[in-house]
Structures are given as C-alpha cells and as structure tokens.
Amino acid sequence: MSVTVRVEKVQTEKAEAEGGVAKRAALAAYVMAARRDSEPYVPYLTGDLRRSAETESDPGKASLKYGSAAVPYARPQYYGCPRKTTPGTTTRWFDAAKAVYGATWAKEAELAAKEAVGR
C-alpha cells in the first residue's frame, strides 16, 4: 500500500533571504579581512597607495581596489614595477597576504555568515 502526499506550495522566501544575507555577510567579512591583512604588504612611500584601498561587496561579488585618480601608479606597483622602500612590501600584495592568511579569511567569512542568519 502506498501513500501519495501532494504539496501545494513550499515557502522558500525565508531560506532564500537567509542565503542572500549570509552570502553578503561572508563576502563583506572576507574582503575586509583581505584589506586588513594585505596592508603590510602594500608598497609604502607616502602612504597614499595603502590609503587608496576601497572595498565593495555586492550580492554576488566582492572586490578590493587600490588606486584612484590621485594614485594612478597602483597597477604598475601591483604587477611588477615596484618602488619598494619599506621592508616586507611586495608586488602582488593580495596574493602574498592570501598565501599567509587565506584560511583565516575563509573562517572569518564563515563565522560572519553564521552570525548573519543567527546560528
């Protein structure tokens, strides 16, 4: 003997909302941690390059941007024409920081996602 159950409608709005909130919180936490931990690796002469860091987190992406109209040399500094004057700074500073702190960033992102949905 079998039983057939018919479901008229499943409420998914709450789960989707939590997923979106969790994802945004995780992305924001990851990019902020990356900004914090990358700073010591960013070349430093006047401090303008380090201060130019901007974070952006949208529902589907997150970014960490260095440089502006006032700091047009960020790209050459990142990709290989460094004027390193401070010990410990390097080209591709994000990659250097990620190699050291990447696992920590992931843990912080996971924690932020859990906090966002109240778990």
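The side chains of Asp48 and Arg51 meet in a salt bridge, with 2.7 Å from N to O. The term denotes a side-chain nitrogen of Lys or Arg within 4 Å of a carboxyl oxygen of Asp or Glu. Both residues lie in helix H2 (residues 48-51), three residues apart, about one turn of the helix. Helices (H or I, at least four residues) and strands (E, at least two) are DSSP runs, numbered from the N terminus. Asp48 is partly exposed at 33% relative accessibility, whereas Arg51 is exposed at 57%. Here buried means under 20% relative accessible area, exposed over 50%, and partly exposed in between, for a 1.4 Å probe and protein chains only.

The model is predicted: local features need pLDDT of at least 70 and side-chain atom pairs count only at pLDDT 80 or more, while totals for chains, interfaces and linings use all residues. Residues are numbered from 1 along each chain as its sequence is written, and side-chain values use heavy atoms, with hydrogens and water left out.

**Salt bridges**

A search of the whole structure finds four salt bridges. Three of them are tabulated here, including the pair already described.

| Asp48 | Arg51 | 2.7 Å |

Asp37, by contrast, is buried, with a relative accessible area of 11%. Asp48 lies in helix H2, as does Arg51. Through shared partners, salt bridges join Arg36, Asp37 and Glu108 into one network.

**Overall architecture**

The chain contains four helices and two strands. Along the sequence these elements follow the pattern α-α-β-β-α-α. Of its 119 residues, 26% count as buried.

**Aromatic pairs**

The structure holds five aromatic pairs. In one of them, the rings of Tyr78 and Tyr79 have their centres 5.0 Å apart and their planes at 80°, so the arrangement is edge-to-face. By definition, rings of Phe, Tyr and Trp (its six-membered ring) pair if their centres lie within 6.5 Å; planes under 30 degrees apart count as stacked, over 60 as edge-to-face and the rest as tilted. Tyr78 is buried, with a relative accessible area of 14%, whereas Tyr79 is partly exposed, at 47%. Tyr78 also forms an edge-to-face pair with Trp93, at 4.8 Å centre to centre and 90° between the planes. Tyr78 lies in helix H3 and Trp93 in helix H4, so this pair ties together parts that are 15 residues apart in sequence. Trp93, like Tyr78, is buried. Ring pairs link Tyr66, Tyr78, Tyr79 and Trp93 into a cluster.

**The largest pocket**

The largest pocket has a volume of about 300 Å³. On a 1 Å grid over the protein atoms alone, a pocket is an open set of points where a 1.4 Å probe fits, with protein on both sides within 12 Å along at least five of seven lines, and lining residues have an atom within 4 Å of a point. Grid points are joined across faces, edges and corners, and a volume is the space filled by probe spheres set on the points. The lining comprises 15 residues, of which Leu64, Lys65, Tyr66, Tyr78 and Trp93 lie nearest the centre of the pocket. H1, strand S2 (61-65), helix H3 (74-79) and H4 each supply at least two lining residues. The lining divides into 12 nonpolar, one polar and two charged residues. In this scheme Ala, Val, Leu, Ile, Met, Phe, Trp, Tyr, Cys and Pro count as nonpolar, Asp, Glu, Lys and Arg as charged, and the others, Gly among them, as polar.

**The loop between H3 and H4**

Thr89 lies in the loop between H3 and H4 and is buried, at 7% relative accessibility. The side chain of Thr89 reaches the backbone oxygen of Thr86 at 2.8 Å. Arg92 is placed in the loop between H3 and H4 too. The phi angle of Arg92 is near 50°, a positive value in a residue other than glycine. Most residues other than glycine have a negative phi. Arg92 is partly exposed, with a relative accessible area of 39%.

Conventions. Polar contact = N/O pair within 3.5 Å; in protein donor to acceptor, adjacent residues only side chain to side chain.
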